[in-house]
Amino acid sequence: MSKQDNFFQLLFQKKQIILGELISMPFELCFRLAIKGMGKVSPNPLVGAVVLDKDNALLGYGYHEQYGSHHAEVHAIQMAKTQKPDLSECKIYVNLQPCTHKGKTPACAELIKKEKLKEVCYLLDDPNPLVGDNGSFSKANNNEEVARYQDLIAPFLFTCTNKNRPFIAVKTAVSKDGYIAEQGDSRRWVTNEECRNYGHLLRHYYDAVLVGRKTVELDKPNLLPRLNFMDEKIPWRIILDKDLKTLADQKTLLKNIRKKTILVHSSQTSEDFDGLTSMYVESQNYHLQYILKSLRKDYLIQSILVEGGASTHASFFDEGVVDRVYKFSGDKNMKSPSAIAWYQSKNPFQFDLCKELELSGHRLQEYVRPDLLPKI
Ligand SMILES: NC(=O)c1ccc[n+]([C@@H]2O[C@H](COP(=O)([O-])OP(=O)(O)OC[C@H]3O[C@@H](n4cnc5c(N)ncnc54)[C@H](OP(=O)(O)O)[C@@H]3O)[C@@H](O)[C@H]2O)c1
């Protein structure tokens, strides 16, 4: 098993326990397959599909592997047909309603009809308004219960639909006593290499990585995932920089993937962005709700990993737009009068701890907003 598979396995473990009570084995398999598309299919959802014959023997399976490529149903049907050209006695299970519209690929509902599959079972309605109803497909009958699990099945997609903004995860690395850095200090590692590697994996999982402009000035982070075994996808880099104070820095720093770096600003400058992406926001609209909505609409960004620093994090917590928190803690105290506390929001920290991991003596605590079910 690759390191990547291991990581996804880890993400899946606890979810499986809960889903196991609710869903049948074919759907369980759909999820196991779907999760393999993490980090590669956004803004599409994670989808897995299996084809069973009339005796419930597995004939084919597949998942949505890459944005723009075949949907899960196509892979599963193609594999099944190599074993059994006539699928008219077969059933297909898929975790999301098969699409009825032609997008980058043909509609899956058409293919299902063409192959005359006898039964189509899916778990969740696709929130995409283009996916029309198809009366002949049956939703799993425990659906009301399962609907509560939509955040788990396709958290990014459903957060976008329900909240009209991308899914937001905050990532922070803190000393044992809860500080991120000393005032004016440039980058200093507070957690170990294992924590940092985990952080790099997370960058693959999200569509974008966002920081405040002071972190750019002080740390000069490149905000790229550095693990070469997952080099299929480069996330967007977003910098909140109202007055474009970091533009000069960016010109020298970000050479190769400039167009995937968005500077969010309110400056009516005539300066050359030199390949960087300029997102101009009028001063009166320069607030998170507006910016997040625009990032979703204009750049199809469904999920953002907010990497700090503390005041940027505080603004997200203040606005109540945080869905998940990854808090990595080191094993040493910072103990300095000028140390910056990681949590500075005016709102109390009201998230549920859902996971704790020990990483070679350091620690990851993962929290979710209380209404993000289930408590895993
Ligand atoms: N340990 C860690 O995990 C970690 C991670 C990242 C950074 N850090 C450390 O954190 C320190 C920097 O943190 P910091 O809190 O001083 O600064 P910061 O959060 O990096 O940047 C703050 C600036 O970003 C802009 N900004 C942030 N949120 C905004 C919002 N909602 N709307 C509009 N503008 C927004 C503002 O720029 P304008 O003032 O131009 O409007 C604000 O002054 C550094 O020492 C860095 O090393 C630590």
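A residue counts as buried if 20 or more other C-beta atoms, placed from the backbone, lie within 10 Å of its own, as exposed if 12 or fewer do, and as partly exposed in between. Of the 376 residues of the protein, 41% are buried. This is a predicted model: local features need pLDDT of at least 70, side-chain atom pairs count only at pLDDT 80 or more, and totals for chains, interfaces and linings use all residues. Residues are numbered from 1 along each chain as its sequence is written.

**Overall fold**
- The protein has 12 helices and 16 strands, which are DSSP runs (H or I, at least four residues, for helices; E, at least two, for strands) numbered from the N terminus.
- Two residues are in contact if their C-beta atoms, placed from the backbone, lie within 7 Å.
- Among contacts between residues at least 6 apart in sequence, 69% join residues at least 24 apart.

**Nonpolar cores**
- A nonpolar core is a set of buried Ala, Val, Leu, Ile, Met, Phe, Trp, Tyr and Cys residues joined through C-beta atoms within 7 Å.
- The largest one has 55 residues, and Ile 168, Ile 238 and Ile 304 have the most contacts inside it.
- Strand E6 gives the largest share of this core, 6 residues.
- Apart from this core lies another, of 35 residues, including Ile 92 and Tyr 122.

**Ligand shell**
- Around the ligand are 28 residues, of which Gly 212, Lys 214, Gly 308, Gly 309 and Ser 315 come nearest; a residue is near a molecule if its C-beta atom, placed from the backbone, lies within 6 Å of it.
- Helix H9 supplies the largest share of the shell, 5 residues.
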